[in-house]
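Keep the sequence and the model open beside you.

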Amino acid sequence: MSASSAAPNWWHRGGPAVSVGLALALLWALASLVIDSLPGPADTASQLWAMARSGQLWSIFFRTAGFMGVCFAVAAIGGVSLGLLLGSRPWADRGFSPYLAALQGMPTSMWIPVAAIVLGTSPASLAAVVTIGAMPAIMLATRTAVKNVPPLLIRAGRTFGAEGRTLRRHVILPAALPGITTGLELGWSIAFRCLVAGEIFSGALSGTGIGDVIQASRTSGDLSEMMATIIIVLAFTLAVDRLVFARVHHRLRVSRGLVDTGLPH
Amino acid sequence: MGARVGLESVTQSFANGDGGRVALVDVSLDIAAGEFVSIVGPSGCGKSTLLDLIAGHTRPTAGRVALEDADVRGPGPDRIMVFQEHALFPWLSVADNVAFGLRNSGRSDADATVAMWLAKVGLTDAAAMHPHQLSGGMRQRAALARAFAMRPEVLLMDEPFSALDAPSRDRLHVELQELWRETGTTIVFVTHNVREAVALGDRVVVMSSGPGRIMGEVRVKLPRPRVVESERVVALAQEARRLLDAADQLGITAPRTAEDSHVSI
């Protein structure tokens, strides 16, 4: 490790992020001075405090986490397994990939009106759109990652007795994991966009409460609750990125020698 | 123990864009059980195709490839390939890489076997490391341990040391001869380095390119372990060199006097 100075480790790791965060808050404060209708950090903080005391903050946070958690888990399992299948079956790949690419390019939220009328305006209807909408991106990324596995590793796997399922489970999947993780990250952000699009389309569709806030600020014109909710969602996505995706990426890079740890070669 | 390998008038051609490419024409070669055969030849002489045929990764267009008296019908744990690039799995530790094939073939004593072979190649201390943390020589040693741990009857080596620095290569030459003597494995060693071929092999088979065929062979009856610098190895390498020059289809007629005959292309 090349600790450049005597600075404590937490500052070395978290310092840049904290500094940038403070700078952004300052910019926000300045902007709110100029724009009358935009609540500043202080107003938003007191709104957050009120929401925390009334329980609304925790309710939005955990209901969002629950909704996204379930939808994303299903999308991830389905998308990765179908993507592995596409990667190993050229016929299926040629048949499905053009349509998957088209679906991935199209904003998933366009399905929401369809689902709302076919399935009704229940959380299950939006959950279906969010889940299925995130899958093409995950499938395509998994397929590409599988196709990019070095043939030498597959030959080595075959030489050492891995065929069929064993080869897929113990060689192709781990070799493709970095690419699959990128696909999961993309699927996650598509899913989240789709959730909020559902809320804007028709009120409390996901049952997370984000839609109620949007509806309230739309009628009252007061944005402080909206800004507080944005902060809650930002905190949630930040936590997911730092605790899940960033860690997984880092571990994958370290175990594959893509981080220079200063060891002799 | 090693097994006998026989190729009988093997012809191999590959279909590609413009009509196909003939890699091997009428190649017959008998390799005795426990023999160490080196194969040298210019690029594109079908050396690697020969190994693929014995490994069972491809089937001959015409002719017969046999192990003992049975035709080779596909890959099997009795024939293990060692590649030019180590082809270790980057996400597994050295010990898990060595254990990979053993676990696939369901051997119960995998852990003990792994420990034994890591000790034999001097990698006991590196057991928990990942391939990227090792030097080139250590990686190829780990690849050797992974191959020998399978107790193959035939070891197929495709220019395994050509990417290594000279000192590592010289050490591995001696270590490989010791492992071979200890295990009695049949070894087919493909290289483009004539001196390496003479230092390692019981005989050196010289191939020509375009299409690949066997030009002749040189028997090596020098005492082991041999090193590439030994005068008798160098002298014998000149004999093989002459065969190879005749085989060289590229028509390079650089003068090879006694002084510069050490050049090994």
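This is a predicted model: local features need pLDDT of at least 70, side-chain atom pairs count only at pLDDT 80 or more; totals for chains, interfaces and linings use all residues.

Residues are numbered from 1 along each chain as its sequence is written, and chains are lettered from A in the order in which they are written.

**Exercise 1.** Describe how α8(A) and α9(A) pack.

Step 1. Find helix α8 (residues 164–201) and helix α9 (residues 210–220), both of chain A. Helices are DSSP runs (H or I, at least four residues) numbered from the N terminus.

Step 2. Their axes lie 8 Å apart, at an angle of about 45°.

**Exercise 2.** State how many residues of α1(B) are buried.

Step 1. Buried means under 20% relative accessible area (1.4 Å probe, protein chains only).

Step 2. Helix α1 of chain B spans residues 47–55, and eight of its nine residues are buried. Among them are Lys47(B), Asp52(B) and Leu53(B).

Step 3. Look just past the helix: Gly56(B) takes a positive phi of about 90°.

**Exercise 3.** Which elements of chain B each supply at least two residues of the lining of the second largest cavity?

Step 1. Lining residues have an atom within 4 Å of a point of the cavity, a set of points on a 1 Å grid where a 1.4 Å probe fits but cannot get out.

Step 2. The lining includes Phe160(A), Met81(B) and Arg146(B).

Step 3. The elements are β6 (79–82) and α4 (136–149); a strand is a DSSP run of E, at least two residues.

Note on methods: Side-chain values use heavy atoms; hydrogens and water are left out. On a 1 Å grid over the protein atoms alone, a cavity is a set of points where a 1.4 Å probe fits but cannot get out, and a pocket is an open set with protein on both sides within 12 Å along at least five of seven lines; lining residues have an atom within 4 Å of a point. Buried means under 20% relative accessible area, exposed over 50%, partly exposed in between (1.4 Å probe, protein chains only). Axes are lines fitted to C-alpha atoms, for helices over the stretch in contact, and angles run from 0 to 180 degrees between N-to-C directions.
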